[in-house]
Amino acid sequence: MAFANDLLCWGQAECTDIDHKRNKIKCKAAGVVRGDTADFEVEYDQLVITVGAKPATFGIPGVAEHGFFLKEVQDARAIRNRIVDCLETASIPGQSPETKKRLLHFVIVGGGPTGVEFSAELHDFLRSDVAKKSFPDMDKECVRISLYEAMPQVLNMFEKQLVQYTEDKFKREGINVHTNTAVIEVGDTCLKTKRKEANEIEEVPYGMLVWVAGIRVQDVAEQFKKALGQQGRSIEINEYCRVKDTQNVWAIGDCTFGALPPTAQVASQQGKYLGRLFNNFAGSSPQALDMHSHCLSQEPFQFKNRGAFAYIGGSQAILQTGSSENPVVLGGHEAYFAYKAAYFSKLLGLRNRLMVGTDWFKTQVFGRDPSRV
Ligand code: NAD
C-alpha cells in the first residue's frame with residue numbers, strides 16, 4: 001500500500017472505472033488541456049472511494065438544460081453571473097413590465113437545508129447589497145424569491161418549532177414558500193408546478209431557477225455499485241467503512257449516503273476514522289498484515305452527531321443539537337454566532353482561516369461584490 005512517503009496525486013485525472021477484481025482503476029485526463037495522455041490504469045493495494053455525489057434531477061424535463069445547481073465552485077460562479085444578468089437586463093429601458101417581473105423572479109426548488117440557506121443568502125444579497133448599493137432605482141416590488149418544496153414542510157430533519165421559526169421569518173421577509181408543491185417541468189423562461197392532491201398545473205415565469213432538490217451518486221460509483229450487484233441508492237459499506245463484498249475497497253462521504261446523512265460532519269468523522277484504521281494497520285507486525293483480521297481487532301465506526309445548523313438570513317440561524325428524544329434547539333442571532341464559530345473552527349489551516357475571516361470582514365464592511373466573475 002502506498003502510505004505516507006509514496007503519495008501520488010493527479011489533480012486533473014478522472015477515475016472512470018473501478019475494476020476491484022484486478023485491483024485497478026481506470027483514469028483519463030479531465031482538464032481542459034489534455035496533452036498526450038490517453039486513458040491510463042493505476043494499480044492499488046487498498047482503494048478509498050470519496051467521489052461525493054451530484055445533483056439529482058429525477059428525470060424531470062428541462063432541469064438539466066435550464067436549472068442552475070449548487071455543487072461545484074463553477075456552479076456558484078454561474079449563479080452569480082445569472083443573477084447579475086437578470087438584474088442588469090431587467091433595468092435596460094424598454095423592457096415590458098411582464099419581462100421585468102419574470103427576470104426578477106428567482107426560484108429555488110427543494111426546501112432542504114441547501115434550498116433554505118440559499119434562499120436566505122439570496123434575499124440578503126438582493127435586499128442589502130443589490131437594492132441599496134448597485135441597483136438603487138430598481139423597483140423592489142418586482143424582485144421576488146420563491147421556494148418550492150414537494151413535502152408539507154421545509155427542513156424536514158429539523159424540529160417543528162425551528163421549521164415554524166424559519167417559515168415565519170421567510171414570510172416576514174417576503175420569501176414565498178410553496179410547500180406541498182412539486183416542480184414537474186422546467187422550460188427556459190417558465191416552469192410548471194403541481195400541488196399535492198390537486199390536479200391543476202400552474203405555469204410560473206422565472207428569471208433564474210436553482211435546483212437543490214436532492215443528490216445522487218456519481219456515475220463511476222453507480223457503475224461500481226452495479227458491478228457488485230448492490231441495489232441501493234449509494235455504495236453500501238460495513239461498520240468499518242469497507243465496501244460490502246470487497247476485501248480492500250473502502251468508501252466514505254456522500255457516495256455512501258443512506259444510513260447516515262450526506263453531510264460534511266459525517267464525511268469528516270469517517271475520514272478521521274479510516275486514517276486511524278490505516279495508520280494502526282501500517283504499524284502492525286508483518287504477521288498481522290491482513291486487513292480483514294486487522295478490522296476485527298478495531299472499533300467499528302460510530303457517528304457522533306454534533307448537531308445541525310442552517311442559516312436563515314439577516315444574520316440569523318437555527319441550531320439543533322442533543323439527542324432525537326431530547327433535542328436542544330436555538331434560533332436567531334445567538335445561533336448565527338454559534339454557527340459562524342463552529343464553521344470557523346472546522347476550517348483547515350491558518351491560511352484558510354485568514355482568507356475566510358477576511359472575506360467575512362469585507363462582506364460585513366463593504367457588502368457582497370455584485371460584479372460578474
Ligand atoms: P435534501 O435532499 O435535504 O432536500 C431536497 C428537498 O427537495 C426535499 O425536501 C424534497 O422533498 C424536495 N424536492 C425533491 N424534488 C422536488 C420537486 N420536483 N419539486 C419540489 N421539491 C422537490 O437536499 P439538500 O438540501 O441539498 O441537502 C442534502 C444533504 O446535505 C442533507 O443531508 C442535508 O442535511 C445536508 N446539508 C446540510 C446543511 C446544513 O446542515 N446546514 C446544508 C446543506 C446540506
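Reader: Why does Gln298 count as buried?

Author: Its relative accessibility is 19%. Buried means under 20%, so Gln298 falls on the buried side of the cut-off. Bear in mind that this model is predicted.

Reader: Where is Gln298 in the chain?

Author: Gln298 sits in the loop between helix H8 (291-296) and strand E15 (308-313).

Reader: What makes the pairing of Gln298 with Asn280 a polar contact?

Author: The distance between their side chains is 2.9 Å. The limit for such N or O pairs is 3.5 Å, so the pair qualifies. Leaving out residues up to four places away in sequence, Gln298 touches Tyr240, Leu277 and Asn280.

Reader: How do you know how many disulfides there are?

Author: The whole structure was searched, and the count came to 0. Take Cys86: the nearest cysteine sulfur belongs to Cys142 and is 13 Å away. A disulfide needs sulfur atoms within 2.5 Å, so Cys86 is in none. For Cys295, the nearest cysteine sulfur is that of Cys241, at 9.3 Å. The 2.5 Å cut-off rules that pair out too, so Cys295 is in no disulfide.

Reader: Are Cys86 and Cys295 buried or exposed?

Author: Cys86 has a relative accessible area of 2%, and under 20% means buried, so Cys86 is buried. Cys295 comes to 1%, so Cys295 is buried as well.

Reader: Why is Lys169 called buried?

Author: Its relative accessible area is 3%, which is under 20%, so the word applies. Lys169 belongs to helix H5. Setting aside neighbours within four places in sequence, its contacts are Ile312, Gly313, Gly314 and Gln316.

Reader: What makes Ala150 partly exposed?

Author: Its relative accessible area is 39%. Ala150 lies in the loop between strand E7 (144-148) and helix H5 (160-173).

Reader: Which residues does Ala150 contact, leaving aside its neighbours within four places in sequence?

Author: Asn180, Thr181, Ala182 and Lys196. Gly110 is 40 residues away along the chain, with its C-alpha atom 7.4 Å from that of Ala150.

Reader: And why does Gly11 count as exposed?

Author: Gly11 reaches 72% relative accessibility, and exposed means over 50%, so Gly11 passes. Gly11 is in the segment before strand E1 (13-19). Lys340 is 329 residues from Gly11 in sequence, and their C-alpha atoms are 30 Å apart.

Reader: What is the phi of Glu197?

Author: About 55°, again positive in a residue that is not a glycine. Glu197 is in the loop between strand E10 (190-195) and strand E11 (201-205). Its relative accessibility is 82%, over 50%, so Glu197 counts as exposed.

Reader: Which residues come nearest to the ligand?

Author: Thr114, Glu149, Val183, Pro262 and Phe309, out of 24 residues around the ligand. Those residues of the shell divide into 15 nonpolar, 7 polar and 2 charged. Helix H4 (113-134) and strand E9 (181-186) each supply at least two of the shell residues.

Reader: How many residues does the chain have, and what share counts as buried?

Author: The chain has 373 residues, and 36% of them count as buried. Its secondary structure comes to 10 helices and 17 strands. The C-alpha trace spans about 75 × 50 × 50 Å along its principal axes.

Notes: Residues numbered from 1 in each chain as written. Predicted model: local features only at pLDDT ≥ 70, side-chain atom pairs only at ≥ 80, totals over all residues. Heavy atoms only, no water. Buried < 20%, exposed > 50% of the residue type's maximum accessible area, 1.4 Å probe, protein only. Near = heavy atom within 4 Å. Helix = DSSP H or I, 4+ residues; strand = E, 2+ residues; numbered from the N terminus. Nonpolar A, V, L, I, M, F, W, Y, C, P; charged D, E, K, R; others polar. Contact = heavy atoms within 4.5 Å. Polar contact = N/O pair within 3.5 Å; in protein donor to acceptor, adjacent residues only side chain to side chain.
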